[in-house]
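Please read the report below alongside the sequence and the model.

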Amino acid sequence: MINSSLKTLSQMLAKKEISSVEMTQTFLNRIHQFNPTINAYIALDEAKTLAQAKAADARIAAGNAEPLTGIPFAQKDIFCAKGWRTTCGSKMLENFIAPYDAHVISQFDNAGAVNLGKTNMDEFAMGSSNETSYFGGVKNPWNFDRVPGGSSGGSAAAVAARLCAAATGTDTGGSIRQPASLCGFTGLKPTYGLVSRYGMIAFASSLDQAGPMAKSAEDCAMMLNVMAGFDERDSTSLNHPKEDYTRGLAGMSGDKPLKGLKIGLPKEYFADGLDAGVAKVVQDAIVEYRKLGAETVEISLPNTKLSIPVYYVLAPAEASSNLSRYDGVRYGHRAAEYTDLTDMYCKSRAEGFGAEVKRRILIGTYVLSAGYYDAYYLKAQQIRHLIADDFKQAFKECDIIMGPTAPSTAFRAGEKADDPVAMYLQDVYTIATNLAGLPGMSIPAGFDKGLPVGLQLMGNYFDEARMLDVAHAYQQVTDWHLQMPDLKAPEGLK
Amino acid sequence: MALNITDIKRIAHLARLEINEQEAAATLTKLSGILGLIEQMQAIDTTGITPMSHSQDVVQRLREDVVTETNQREAFQKIAPVLGNGSAKQAVDGGLYLVPQVIE
Amino acid sequence: MEWEVVIGLETHTQLKTNTKIFSGASTAFGAEPNTQACEVSIALPGVLPVLNKQAVECAIKFGLAVNAEIARRSVFARKNYFYPDLPKGYQISQYELPVVGKGAVTIQVPAVGKNAAYEKVINITRAHLEEDAGKSVHGLSNQSIEGMSGIDLNRAGTPLLEIVTEPDMRSAAEAVAYAKKLHELVQWIDICDGNMQEGSFRCDVNVSVRPKGTEKLGTRREIKNLNSFKFMQQAIEYETRWQIETLEDGGTIHQATVLFNPDTGETRVMRSKEEANDYRYFPDPDLLPLEVTEADKARVKAEMPELPEVMKARFEAEYGLTSYDASTLTSSRDLADYFVATVNAGADAKPAANWVMGSVSAKLNAEDKPINASPVTALQLAQLLKRINDNTISNNAAKQVFEAMWAGEVDVDAIIEKLGLKQVSDSGAIEAMIDEVLAANPAMVAEFKAGKEKAFNALVGQAMKASKGKANPAQVNEILKKKLAN
């Protein structure tokens, strides 16, 4: 059951082959068994979880279930969930019990889904390895010496280790797709504005976007049906007509289902810095796509390399401001001892934030400060425009863009922890879509030396349905997405 | 634009982050590396390019001027921090949030 | 050396909306602390702003009222600084692209001493939308929290329109005249309740001095948060004197923000420029550009009342009022509305204007009441004027009726009846009465006939007295003249 698709789980519940309570308990048991090692979850509340499962069973019995009713999901700890401890991976919010629900949480609640718990993450979503979490690192279920990626590392490990049916994540510069690649599952970052950010703790407001992290494209489509939608509380939420993201999946089964599809392969994504093993897996996946009927065409995204400097100006700038509300006045950490107001601010914030968060606040403060704004912030916004234009140009020549998600497979814990610049390069292929606001996906495409490799799909604005179809077509003829780590193997795990 | 230790202390104060000498020195090294990365931007001529703040060209939606919020003071103040400086009491009193004396 | 003072104003007007600028929390004044502080007001993690339509319409109204450019697209920016009454650690404001651009207002500076009254145009630089901060409460009594301040975030997020002028004013009198004019205007167009005690209208005044005849502006100091015209006058006068004395003593002025202490009548430095914050403005990524189309402007314009200047000109043309009377009647919208209502209820414009500016205003001033609290309604006043006009009562009798209505009586005719004020206009009765008066006062008649004109007035007085004031004075005059001519 733990490896079943959401559709299968939904059918099992509908046919009453299993109750939501039983299904939920199965996952909770696995969490008890493996979470102490993996550290994917940082908050569990079984009473709340099982109460939701019971309510879901009643709803199923009453005959008004929706596709996700009764299915247990993991929620990234970046989403405020009323009554749940919501920490965003930070000491600053260690004791913060959210008094309201994020839009995403309400959407899952309304669909009758069950919340299994809150998952670990890089502090305030700042990181690519989950090592900046105040609550400790997360193990990559494929190899416990390796990181799961980040910032949605807890959700990633939970999906890969089958500690949930699926999970939510957020992606500011690759935080859904890079862990999806490193942990071998399917993750989607939607078009900016498709999923409401209300109640999602802000990192970089103009880039943050929530999305599904699941075993397959089909699962992601079902989740996106619940997550996407206009929300009047988020000014950047787009009033896009409601879509059924599963509508095209059934058409992906025949011979050459992708006939006529033009795949763009950006030459900059296959240049220096890409690990050879990863390149090989990605190339093989492209070959598979040609077999499915697609054509490939080389394209250019000339400003790809600049996306990293641009991102490391814009994201910290927004973050430095977004994180100013954590001042120890109304909620969150307040220093135990202080002399005056300024001292209280400085101590509370120095104690409540970890090193990486502080670094980014400092960079952001610096690039916005008097005399530097034009050289850094304004310049970055101008190049952001060039990067978005690159994509506009590219989508004149192709329907979808493909390339690697991350330059390498999962690296060793600690390997890049002390070198922020090396860590930042992890996101070289994912950041540009955030800057442009475009949707991006990562799907499992194979393994290199026993570690998963992801293939990235990038679509035009609101092209999620097509991306999901294209990913689904591949998953109909391959089984990379069904591979799961053998968690019984390592010593001492039980 | 090379950073120095004075810059680090100035921005740390602007950001209200306490930082000691040792931390400032370590931060200087790391931040200089990151700024080196950022400096790559200067190679590009961006004359005449419109800065991009939002990925979609849409305008602000307006909210009707209708009261939708109710009093939730009790729930919101339940999560107020502990006062500190030896007091284990929450930093609220009579519905007000408590902070060290604000001098104007 | 002769000095010239240069003054510019920044006025924070709280906009008249039901809810905050970025959330649906109430803006009602005087609620218990933090009971109107919603999740957005207290800046919980994850909350987001959505702009209030009414606040935008208020800004458009103001822009139209001062003939300003209204930006087709304006942008909200974050002004970053730490303060406990600023829960997000930044204020959402407008920086580079404000909603209202250049405009102007004409002020009337009253006569002072031998200086005559004059008009002057004050240029508006810009007006932008922003959110208000919360309030810090000092001097908490509870011993266990000694040395602490309390933070109330009910006001946090209340919509403000910050109106900035060019440094166009050259005296405290001009600055106060501008502030009063602006105060009246924002109430006239109904975007602000104007309540200065509650902080709905707060002025920051930039003051600098320079040798008269020079162009270069002196270093300015900003007097913060003046909430009465009297204090503004005092603060500017003190600050001007202080700056001149400092310079004459060989000192220099340093840019600073100062506070006015009404108890001492002095200003003192709050923070110097060196301590000034680096606000790190940048466009707020949570808000999209604000668009105001021609259609938006037209729609708002259609809802706007006639502006005071336009109304003044109309009063002169339509009612034949003098410029002075028209200006006085349009000095406040309520006063103008009262006057117009009186006229619309059938009164002639000129007597209506005289009564409104005379008896009505005098009574209101004496009792310190606003016009909309007048016990005599416009309708009642019109009734009264009708009875004067149709000769039912004399002007003097009308004053008695007015007093009675002010005291709470309602019906004009009932009062006239009750007090027996009806004028006698029956010429037969008046003739008979005059005959009696003439017979009883032969000495006066003789004096008149001897050429003493004054005696005529004395005889009129006697006749009026005999009628207990009820005789129509015009008729008495006429008949008396006729009789004496015989």
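Predicted model: local features only at pLDDT ≥ 70, side-chain atom pairs only at ≥ 80, totals over all residues.

Residues are numbered from 1 along each chain as its sequence is written, chains are lettered from A and ligands numbered from 1 in the order in which they are written, and side-chain values use heavy atoms, with hydrogens and water left out.

**Chains A and B**

Chain A holds 15 helices and 11 strands. Helices (H or I, at least four residues) and strands (E, at least two) are DSSP runs, numbered from the N terminus. Chain B has three helices and five strands, and from its N terminus the order of elements is α-α-β-α-β-β-β-β.

The radius of gyration is taken over C-alpha atoms, and the globule rule used with it is 2.2 Å times the number of residues to the power 0.38. For the 494 residues of chain A the rule gives a value near 23 Å, and the chain has 21 Å, which agrees with a compact globule. For the 104 residues of chain B a compact globule would have a value near 13 Å, but the chain has 23 Å.

Burial is stated by relative accessible area: buried means under 20%, exposed over 50%, and partly exposed in between (1.4 Å probe, protein chains only). Accessible areas come from the Shrake-Rupley method with a 1.4 Å probe, and for residues only the protein chains shown count as cover. In the charge counts, Lys and Arg are positive and Asp and Glu are negative, while His and the chain ends are not counted. Each charge is placed at NZ of Lys, CZ of Arg, CG of Asp or CD of Glu.

| Chain | C-alpha span along principal axes | Buried residues | Accessible surface | Charged side chains |
|---|---|---|---|---|
| Chain A | about 70 × 55 × 50 Å | 70% of 494 residues | about 14500 Å² | 48 positive, 54 negative |
| Chain B | about 55 × 50 × 25 Å | 40% of 104 residues | about 5400 Å² | 9 positive, 13 negative |

Carbon and sulfur atoms supply 50% of the accessible surface of chain A and 54% of that of chain B. The centres of the positive and negative sets lie 1 Å apart in chain A and 7 Å apart in chain B.

A contact means heavy atoms within 4.5 Å. Among contacts in chain A with a separation of 6 or more, 76% are between residues 24 or more positions apart. In chain B, 13% of the contacts between residues at least 6 apart in sequence join residues at least 24 apart.

**Aromatic pairs**

Rings of Phe, Tyr and Trp (its six-membered ring) pair if their centres lie within 6.5 Å; planes under 30 degrees apart count as stacked, over 60 as edge-to-face and the rest as tilted. The whole structure contains 31 aromatic pairs over all chains. One of them is A:Tyr100 with A:Tyr198, whose ring centres are 5.8 Å apart and whose planes stand at 70 degrees, so the pair is edge-to-face. This pair links distant parts of the chain, 98 residues apart: A:Tyr100 sits in the loop between strand E2 (72-76) and helix H4 (103-110), and A:Tyr198 in the loop between strand E5 (186-189) and strand E6 (209-214) of chain A. Both A:Tyr100 and A:Tyr198 are buried.

In chain C, C:Phe402 and C:Trp406 make a tilted pair, 5.7 Å centre to centre with 45 degrees between the planes. They are separated by about one helical turn because they lie four residues apart in helix H10 (residues 395-406) of chain C. C:Phe402 is buried at 3% relative accessible area, and C:Trp406 is buried at 8%.

A:Phe96, A:Phe124, A:Tyr326, A:Tyr331 and A:Phe353 belong to one aromatic cluster.

A:Ile38 is part of helix H2 (residues 20-38) of chain A, and A:Ile38 is buried with a relative accessible area of 0%. Leaving aside neighbours within four places in sequence, A:Ile38 has contacts that include A:Gly137, A:Phe144, A:Ala161 and A:Leu487. A:Ile38 and A:Gly154 are 116 residues apart in sequence and 8.5 Å apart in space, C-alpha to C-alpha.

A:Ser408 lies in the loop between strand E9 (400-404) and helix H13 (420-424) of chain A. A:Ser408 is buried, with a relative accessible area of 18%. Not counting residues up to four places away in sequence, A:Ser408 touches A:Leu182, A:Asp275, A:Val278 and A:Gln426.
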